[in-house]
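Take a look at the model below.

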Amino acid sequence: MSNGQVIAAKSANIGWEQRKRKFLPYAYLSPTLILLAVLTVVPIVTVFLYSLFDNVIVNPNPPEFVGLENYEEVLTHRKFRAAVSNTLYFALASVIVHFLIGLSFALLLNSKLLGANVKAFFRVIYILPWVFTASIIAILWRLLMNPHGVINFVLLEIGAIPELLEWLSDRKLAIHSVTFINIWSGYPFYLVSFLAGLQGIPDDLYEAGRVDGGNAWQLFWHITLPQLRPIIISLALLDFIWTIHQFTLVWMTTGGGRNTEVLSTYTYKAAFSSYEYSEASATAMVILAICTLVAIFYVRSQRMTDE
Amino acid sequence: MKKTVLGLMVVLVLLSGVSMAQDVVLEFQQWWEPELPEGSFRAILDDFEAANPGIRVETISGPYLTTKDQIIASAATGTMADVVGLDGAWVNVLWKQGALHSLTQAMADAMYDDSELAAQIQLAGETYMIPIANFIYPVFVNLDMLGAAGIDPPSTRAEFAAAAEALTDPDNNVYGWAQPLSLEQPNGIQNDTMSWLWATGGSMLDDMGQPNLVDNMQLADTMAYIKSLHDAGVVAPGAFAMKENEKVEEFVNERVAMIINTLAHFTLIRERNPDLNFDITALPAAEGYDGPRGLPYASWGIGISAHTEHKAEAWKLIDYLTSVEGNTKLTSIANAFPGNVNATPDFIQTDQLFMTAFEIFQEGYLANEFTGLPAAEELMRQFDEPFQLYLEGDMELDEFLEIAQEEWEDIFE
């Protein structure tokens with residue numbers, strides 16, 4: 001073998017090695033990429049395509065391309081707009097009250113005034129709602145909020161209400177009742193996260209604050225809250241996304257009736273009750289767009305935290 | 001010796017293969033098997049197989065909602081089971097997909113005489129579903145409560161309203177009637193609302209089978225009558241979010257004196273409250289109406305997949321299940337009324353309440369106009385929403401019916 005041939009063989013080998021090195025990370029990533037493609041990308045693209053066509057899935061006629069007509073129909077529909085408004089109320093109220101209750105209970109459980117056993121006991125009690133599945137929670141609260149249920153009985157006995165209230169079937173009350181149930185079922189997640197965050201704040205900061213003459217409120221405002229900020233932002237954004245997706249709780253308590261229609265129940269009805277899969281796909285894409293926006297904020301906040 | 005044994009085994013395998021190849025295997029998807037006593041449905045199918053050598057039936061069984069989802073999904077992909085259990089509410093959507101084989105065609109091919117069939121669900125003039133077990137919805141009345149008030153079971157709307165008023169005692173949480181109108185399960189529109197209309201011979205559709213909610217005097221009268229019951233305070237509170245099972249619970253716990261309910265709940269009610277003294281009666285009709293009363297009902301229907309290669313064998317199975325022998329067996333274990341007019345389930349001869357129900361069944365006619373309509377559940381829901389506003393007094397009768405008509409016309413398009 002001449003020198004030239006040796007050099008050519010070596011350079012070919014180097015070229016192969018370089019290609020291999022370039023390709024290798026993708027090979028390692030391929031199982032995840034394939035899974036992502038099959039489980040996420042393909043369904044999203046399929047639903048997006050459905051939203052641009054008519055006569056999809058349960059229609060023997062060939063699908064007809066209609067462009068953005070389904071979106072126009074959905075976005076201008078009175079019931080869809082009502083569902084958006086209800087969803088926003090449901091999600092924002094849930095996130096705000098989850099935050100307030102979660103933080104309050106976490107502060108209580110983090111207090112040095114309580115003994116370890118008392119804390120352990122209340123941790124179990126406070127976390128209980130999180131243990132139940134959404135369907136169990138719905139059944140439980142349907143019974144409690146029944147006109148002849150425990151809640152009305154207690155409130156009547158103590159004179160808090162003049163007559164039986166129809167918590168889930170009164171048009172003015174139902175959306176608040178459903179939001180309340182969602183708050184009850186979701187606050188433990190905040191509680192656990194905040195408790196972990198509180199336990200991670202160094203005592204030195206509080207001691208320095210006290211030396212500077214800070215009172216309890218000032219310590220909370222200038223030390224606790226800023227220290228919890230990354231957790232608060234992450235929790236709020238994730239909770240907002242999860243609450244927008246909440247279906248079982250609303251469906252099993254009111255079926256979306258009595259002014260409680262939210263985007264998830266609206267989509268379900270369009271798909272599985274009206275068999276209007278194109279419209280349902282358009283609604284699903286709108287929900288996806290909202291959630292993507294929130295997710296972008298979430299990722300940005302994570303990046304800022306990391307930096 | 002070894003070779004002989006080996007040879008025998010090969011011959012046996014080949015023979016069994018031949019016999020397997022000759023057998024036609026029918027897939028039969030339905031939700032009935034889990035609702036029947038264990039093994040009883042399989043026993044009926046075994047009898048069918050014994051009478052039809054060469055045909056085997058494999059059941060695909062699951063709960064009602066799962067079965068519905070699976071059948072509709074498999075229809076979309078052309079993989080529906082050969083024979084399917086059907087609810088009247090799904091027939092239209094399956095028919096639109098071309099997923100169901102015409103039973104009119106199947107009957108003609110088999111030269112079948114359909115005179116014994118109690119009902120056939122037709123679309124565009126052809127049969128696509130045959131109800132083989134029917135569960136009617138009479139009025140259940142609490143005899144003790146009626147007796148204490150000195151009232152007989154009501155037969156007319158006026159009698160019903162008077163009885164409901166006499167039996168209502170809000171201080172003790174007792175009401176005359178319960179009407180479940182939950183939007184999650186909007187079948188209260190079919191069973192507890194439109195049933196009043198059908199009992200008086202009325203219809204919610206015109207002669208062409210299109211929505212006829214506006215300028216329909218009988219319908220308007222019926223809705224006004226139901227509102228009068230709500231206005232009188234005789235309807236159990238929470239109606240707008242109440243589901244069917246909660247209605248039954250209210251009756252079982254003697255907080256409601258009268259409900260419109262399926263016969264399928266007989267056993268359940270007796271188990272839940274063995275001391276409950278109750279009877280059934282036909283749905284009250286409007287004053288002056290003496291024609292036959294329409295009886296709301298739910299059915300276990302049956303149909304054949306348009307894509308099956310075994311249409312003749314599938315029809316044989318339906319033929320057996322709708323025959324006097326097969327239908328008697330099935331309806332006896334299901335506590336249902338037969339799809340064959342000559343079948344007589346056992347329970348009719350042994351249980352007084354079922355005897356009464358059978359008389360009501362024979363005097364009236366099966367009426368469920370939602371069967372076969374497009375997106376039947378959504379029709380109920382679209383009717384339910386303005387109906388609730390009307391009952392609350394936030395909408396006038398005409399406006400409510402106009403909105404419902406508009407929504408229905410959209411769906412029918």
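Strand 6 (residues 139–142) and strand 9 of chain B pair in the antiparallel sense over four bridges. Two strands pair if DSSP finds at least two bridges between them. Strands (E, at least two residues) and helices (H or I, at least four) are DSSP runs, numbered from the N terminus. One bridge joins Val141(B) to its partner Asp279(B) in strand 9 of chain B.

This is a predicted model: local features need pLDDT of at least 70, side-chain atom pairs count only at pLDDT 80 or more, and totals for chains, interfaces and linings use all residues. Residues are numbered from 1 along each chain as its sequence is written, while chains are lettered from A and ligands numbered from 1 in the order in which they are written.

Now the whole sheet. It is open, has four strands in the order 7-8-6-9 (chain B), and its pairing is mixed. Strands 7 and 9 of chain B each have a single partner strand, so one side of each is left without a neighbour in the sheet.

| Edge strand | Residues |
|---|---|
| Strand 7, chain B | 175–177 |
| Strand 9, chain B | 278–281 |

Next, the domains, whose bounds come from an automatic or database domain assignment. In chain B, domain 1 is 2–132 + 297–359 and domain 2 is 139–295 + 373–412. Their centres, taken over C-alpha atoms, are 33 Å apart. Nine residues of domain 1 of chain B are in contact with 13 residues of domain 2 of chain B. Contact means that C-beta atoms, placed from the backbone, lie within 7 Å. On the domain 1 side, helix 4 (88–96), strand 11 (297–304) and helix 15 (352–363) of chain B give two or more residues.

Technical notes:
Two residues are in contact if their C-beta atoms, placed from the backbone, lie within 7 Å.
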